[in-house]
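Here is a short report on selected parts of one model. Keep the sequence and the 3D view open as you read.

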Amino acid sequence: MSTHAPANATQRLDVEGAIGIVTVAYPPVNALSRSMRQAIIDGIAAAQAHPDVQAIVFICDGRTFLAGADITEFGKPPQAPSLYEAQDLIENSTKPVIAAIHGTSLGGGLEVALCCHYRVAVPSAKCGLPEVHLGLLPGAGGTQRLPRIVGAAKALDYITAGTHIPASECLASGLVDAVVPEGELRAGAVAFARQVLAEGRPLRKVRDSDDKVLPFRGKPELFADFRQANAKRFRGFLAPEYNIRCIEAAVNLPFDEGKAVERKLFLELVGGIQSQAQRYAFFAERAAAKIPDVPDDTPTVKVASVGIIGAGTMGGGIAMCFANAGIPVTIVETAPAALDKGLAVVRRNYENTAKKGKLTAEQVEKRMGLLTGSVDMNSLAGCDLVIEAVFENMAIKKEIFAKLDAICKPGAVLATNTSALDVNEIATAAASRPEAVVGMHFFSPANVMKLLEVVRGAKTSHTALATAMQIGKKIGKVAVVSGVCPGFIGNRMLRARGEQAQAMLMEGAMPWDIDRVLYDFGMPMGPFAMSDLAGLDIGWSKETSKSSTVREVLCEMDRRGQKTGAGYYDYDDKRNAKPSEVTRQIVRDFMAKAGQTTRPISDDEILERTVYAMVNEAAKILEEGIALRASDIDTVYINGYGWPVYRGGPMFYADTVGPATVVDKLQAYGERMGAGFSISPLLLKLAAEGRFFTR
Ligand code: T1G
């Protein structure tokens, strides 16, 4: 919830000739709180009543038009006036109302604009109905009005994806009637309103036009096709299906009946656990940006140029993140061949994106033009931020940081992309400035995955930490602070899960049993499929391999995962996985050698032992202060590991199960959890006291 929302929204009416300009404000994003709804009603009513006013411009102060319902009000008793009252007043106005849109007109904000008779926007504005990301649907007529403007096909795409539609596309689709010059929204809207009066244009109501929905009427197959085409994307979620049903109602029913369907389905969603989880995740992501002992006004380094050491998969992906944000990058490799190879991979990635129509050739060249290759680390001397992304070897990293200490300009932030190594030890290598060292752990593929673990070393300065968080947000990442420990937050919990998965292999579960349970829970894939994807030979070497684990035996057999066509699974030429009899036999041989006998392992046991082991490790991460708050851990898992957002994250999920139940189950599994397993004292305490991680 916004920590600095003012007590009340404000409104004012200015009259310029025949035009009444109603301006409302409720920082920071003009959310439709109770006071904002009242302000809108008061402002519009005043304009209605004013004798000189013949047309009304509705505009917002601050950085954006109405950004939607006040999410903090959900789950609480509704407070009058309702949004419907404000919308009805506008839509039934005897004077034309023109919405003047800047920033992001989202959710209920766009639904208010859709009740206006006309809409104008500046070029930088965006409109959208992103309720699906909150596990909801547009509950104030958006599912009925948007299809009546842009058509059912576009509405299905926009609403189930929660798209922020750029002004140019809004104009093309009829969602806005005019785009006015940037920075001249008020004047442009007033001029448009004068034009409406001069031309005697009608009091047009979106609800009255059906021509855009008629082509879909009585054609259920169009909706069936859409459902099928998006089944994978919508897997496990309720909200997309409910949104589709509302759009079907818009196509097939009169407006008011369709709105009744929308209301019924909205109420079902808003009261359900999925939306509760997704609203929690929304605020959790924003809370992660707040570091209690690092004030918002902490000085930060202006990052105008970035240096990256290593042009491999990670280095190249990280370079793309900055090039995408328009920041020049110097990328350093040890030899020209490695550098050329790395830059060629980056170019290929951009060209593949361009082939999908998501980038123009010109944008590809512009981004490639921001990348400068070098084989000389001295070329990093002028960089404001340098990120090391080389092989996971402490000696190599320390050697690099010692060189950076000598090369980089004063004030530069020196970051390591290590995924698990001790950032404090790395910092000692930058002997003259350990305070400049911070971890910036990107997730592969770095140009795609949103999570950035910002690892705070014992000596990391507030400026280095705040700079890493700030630049992380600027390049579109969700940055979460982690303390220093092996694996930080995400990988440390993943290791706890892996230990249970490997143990259950030796008790009778097969890799595909374990993967199926976690996939059905909502994870994108299970641990074994993930290992095959990443490659079983990460950290493995032929020279030292001793056939001591299933993974080692698989690697020794050259079954190193998808890249070799076989790992835990067998793969066809399209990389479709299927259980492998080779792996089954290897597991059986290992069990026989260990004198283990197979026992039936239920799906519940698989889920509880893997997920509760992660929750237990997370509780330790919390009590050790590695994570600042439980919701940070959930933000890590949703944005870095594909945890289904409709389950809120491991800690939110543990609260829905109940810490006491988690403890009971872990105690019941006892020895099976492994000799080194111990239940977190914090978890035991929450269970004993009936308390929760996230409430
Ligand atoms: N309600 C309450 N607080 C909100 C809020 C909202 N809708 N949107 C943002 N905040 C807070 C946020 O928590 C943060 O607080 C501050 O504002 C700045 O946000 C009936 C049912 C608008 C694109 O889903 O997408 O309408 O951390 O850091 O990066 O059909 O906020 O500063 O204390 O995100 O510039 C639909 C959600 C609601 C839009 C701005 N609307 N918001 O991004 O700032 S449901 C949304 C956003 C609805 C109707 C339905 C983004 C933004 P703090 P921020 P930003």
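## Where two helices meet

A654, D655 and V657 in α26 meet P659, T661 and V662 in α27. Contact means heavy atoms within 4.5 Å. The residues of this contact divide into four nonpolar, one polar and one charged. Asp, Glu, Lys and Arg count as charged; Ala, Val, Leu, Ile, Met, Phe, Trp, Tyr, Cys and Pro as nonpolar; the others, Gly among them, as polar.

Helix α26 spans residues 650-657 and helix α27 residues 659-669; they pack at an angle of about 90°, with their axes 6 Å apart. That makes α26 roughly perpendicular to α27 (65 to 115 degrees).

## Basis of the model

The model is predicted: local features need pLDDT of at least 70, side-chain atom pairs count only at pLDDT 80 or more, and totals for chains, interfaces and linings use all residues. Residues are numbered from 1 along each chain as its sequence is written, and side-chain values use heavy atoms, with hydrogens and water left out.

## A covered helix

Helix α4 (residues 142-150) is mostly covered, with nine of its nine residues buried (under 20% relative accessible area, 1.4 Å probe, protein chains only). Among them are R145 and R148. G151 follows α4 and has a positive phi, near 90°.

## The second largest pocket

The second largest pocket has a volume of about 390 Å³. Its lining has 22 residues; M320, N349, P445, N447 and V448 lie nearest the centre. Lining residues have an atom within 4 Å of a point on a 1 Å grid; a pocket is an open set of such points with protein on both sides within 12 Å along at least five of seven lines, where a 1.4 Å probe fits.

α14 gives the largest share of this lining, seven residues. The lining divides into eight nonpolar, eleven polar and three charged residues.

Note on methods
Axes fitted to C-alpha atoms, helices over the stretch in contact; angles between N-to-C directions. Helix = DSSP H or I, 4+ residues; strand = E, 2+ residues; numbered from the N terminus. Parallel < 35°, antiparallel > 145°, perpendicular 65-115°, else oblique. Points joined across faces, edges and corners; volume = space filled by probe spheres on them. Buried < 20%, exposed > 50% of the residue type's maximum accessible area, 1.4 Å probe, protein only.
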